[in-house]
Amino acid sequence: MSSVNSQLRVLSGMRPTGRLHLGHLHGVIKNWTTLQHEYECFFFVADWHALTTHYDDPLIIESNIWDMVIDWLAAGVNPSTATLFVQSRVPEHAELHLLLSMMTPLGWLERVPSYKDMQENMQDKDLSTYGFLGYPLLQSADILIYRAGYVPVGADQVAHVELTREVARRFNHLYGREPDFEENAKAAIKKMGKKSASIYNKLRKSYLETGDQVALEKAQALLKEQQNISLGDSERLFGYLEGGGKMILADPQSLLTKAAKMPGLDGRKMSKSYDNIISLRDEDDEINQKIKTMPTDPARVRLSDPGDPEKCPVWEFHQIYSDAKTCAWVQEGCRSASIGCLECKKPVIDAVVDEVEPIRERAKQLAENTGMIKSVIAEGSEKAREVARETMTDVRQAMGLNYR
Ligand code: TRP
Ligand code: SF4
């Protein structure tokens, strides 16, 4: 796996909402399946996050977990390149969440846009709980515990990644200098080998003494190439380079897909609660039926009435599924009333059927082998836990909590 960038880790999670639909596929999963070839990836089921809104009926969570993991694999997420796990199997997330909660101002959480929105949208549920307010901070712990550089998510999650960056910076500012930072940094330099160590020392000296920016950049590039040092040591050396302390928690960036907001059958965002989804396990005739009955530009009452694709959710599907030639055919045919809406929907139906069919069939097979699914998660959770433990050792040490 020489193409994997060892310095950049990718982490993403999904609440266990059960079977997935095209919105998940185009908004997030496609991003995952590309990234898994390029980076060290961790993808997990955020079951504790589900509890923040479903604390009154936790029993549905379990079947939702397995249904969702089956769809991940069916859609191409590869457990031999990516680490797949369940959040609650890595209790270190809860410990980091607790520690971060000590230093996170209440206002930061109250200001997150999803907080008031969700509370207002879910009027039937009392969401004025401690856990729900902490939802984005638990998410920050999920991300920071793996020192992830990239977080591929849907557009609605960007604010949570932003919060995570602020929390990481505050943490590093408060606890950045380990008591024995200097010694640890020097030991880490040795681990790079003689040649790299001497180049690093020269470049660092030149930057610290003369502010030589080029030397700084060269040294950073040198660190990025190192294969033999741990992420923890790497962060020490990045910090040491600039004369500061260790960057204990790395600040992440979000990554969006092109179709981060996949439209639903009615043109609103695709979502189970709007009842406008095409599921990854829909049969061909269900897909046919759903697309055939999709609303179109209301101006097109008769075949001879011209329409405007911009006012039609079918056009949004064409933009995702059709090539330039078909898109031009739609634009022309709709505006000149030379094609009918059913005719226009045909290429979309074909494309969606072609996309869903193999996923659905793989999911059916996987669903018969839940033992395999469970062992993928068991193994992934163990692996994730090792990384999480390593971070928590550094975090406890930085905060002076490593007394035994
Ligand atoms: N809040 C995310 C969602 O609703 C799920 C999630 C939890 C997550 N923790 C995360 C996503 C960490 C990315 C990184 O989809
Ligand atoms: Fe929509 Fe196509 Fe009908 Fe135009 S022709 S209104 S784009 S379905």
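The model is predicted. Along the principal axes, the C-alpha atoms fill a box of roughly 80 × 50 × 45 Å. The protein has 404 residues, and 51% of them count as buried.

### Around the ligand

Start with ligand 1. A shell of 14 residues surrounds ligand 1. The closest are Arg-15, Tyr-135, Gln-139, Asp-142 and Gln-157. By type, the shell divides into seven nonpolar, five polar and two charged residues.

Which elements each supply at least two residues of this shell? They are strand E1, residues 5-14, and helix H8, residues 135-144. Helix H8 gives the most, with four residues.

For Gln-157 the distance is 2.9 Å, and for Gln-139 it is 3.0 Å. How much of ligand 1 does the protein bury? Taken alone, ligand 1 exposes 360 Å², and the protein buries 93% of that.

### Salt bridges

Now turn to charge. Side chains of opposite charge can pair when their charged atoms come close. The structure holds 23 salt bridges. The table shows some of them.

| Pair | N to O distance |
|---|---|
| Glu-92 and Arg-389 | 3.9 Å |
| Asp-251 and Arg-169 | 3.5 Å |
| Lys-191 and Asp-233 | 2.7 Å |

Take the salt bridge between Glu-92 and Arg-389. This pair links distant parts of the chain, 297 residues apart. Glu-92 is in helix H4, residues 92-103, and Arg-389 is in helix H18, residues 370-399. Is Glu-92 buried or exposed? Glu-92 counts as buried, at 8% relative accessibility. Arg-389 is partly exposed, with a relative accessible area of 38%.

Next comes the salt bridge of Asp-251 with Arg-169. Asp-251 lies in the loop between helix H13 (231-241) and strand E5 (253-255), and Arg-169 lies in helix H9 (residues 158-175), so the pair ties together parts that are 82 residues apart in sequence. Asp-251 is partly exposed, with a relative accessible area of 30%. Arg-169 also counts as partly exposed, at 44% relative accessibility.

Then there is the salt bridge between Lys-191 and Asp-233. Lys-191 lies in helix H10 (residues 181-191) and Asp-233 in helix H13, so this pair ties together parts 42 residues apart in sequence. Lys-191 counts as partly exposed, at 47% relative accessibility. Asp-233 is buried, with a relative accessible area of 6%.

Lys-191 and Asp-233 also belong to a network of salt bridges.

### A charge without a partner

Finally, look at Arg-300. Arg-300 sits in the loop between helix H14 (284-292) and helix H15 (313-321). Arg-300 is buried yet has no salt bridge. Which side chain of opposite charge is nearest to Arg-300? That side chain is Asp-305, 6.9 Å away. A salt bridge needs a nitrogen and an oxygen within 4 Å. What does the side chain of Arg-300 reach at 2.8 Å? The side chain of Arg-300 reaches the backbone oxygen of Ile-339.

Conventions
Residues numbered from 1 in each chain as written. Chains lettered and ligands numbered in written order. Predicted model: local features only at pLDDT ≥ 70, side-chain atom pairs only at ≥ 80, totals over all residues. Heavy atoms only, no water. Near = heavy atom within 4 Å. Polar contact = N/O pair within 3.5 Å; in protein donor to acceptor, adjacent residues only side chain to side chain. Areas by Shrake-Rupley, 256 points an atom, 1.4 Å probe, with all protein chains shown as cover. Nonpolar A, V, L, I, M, F, W, Y, C, P; charged D, E, K, R; others polar. Buried < 20%, exposed > 50% of the residue type's maximum accessible area, 1.4 Å probe, protein only. Lys, Arg positive; Asp, Glu negative; His and termini not counted.
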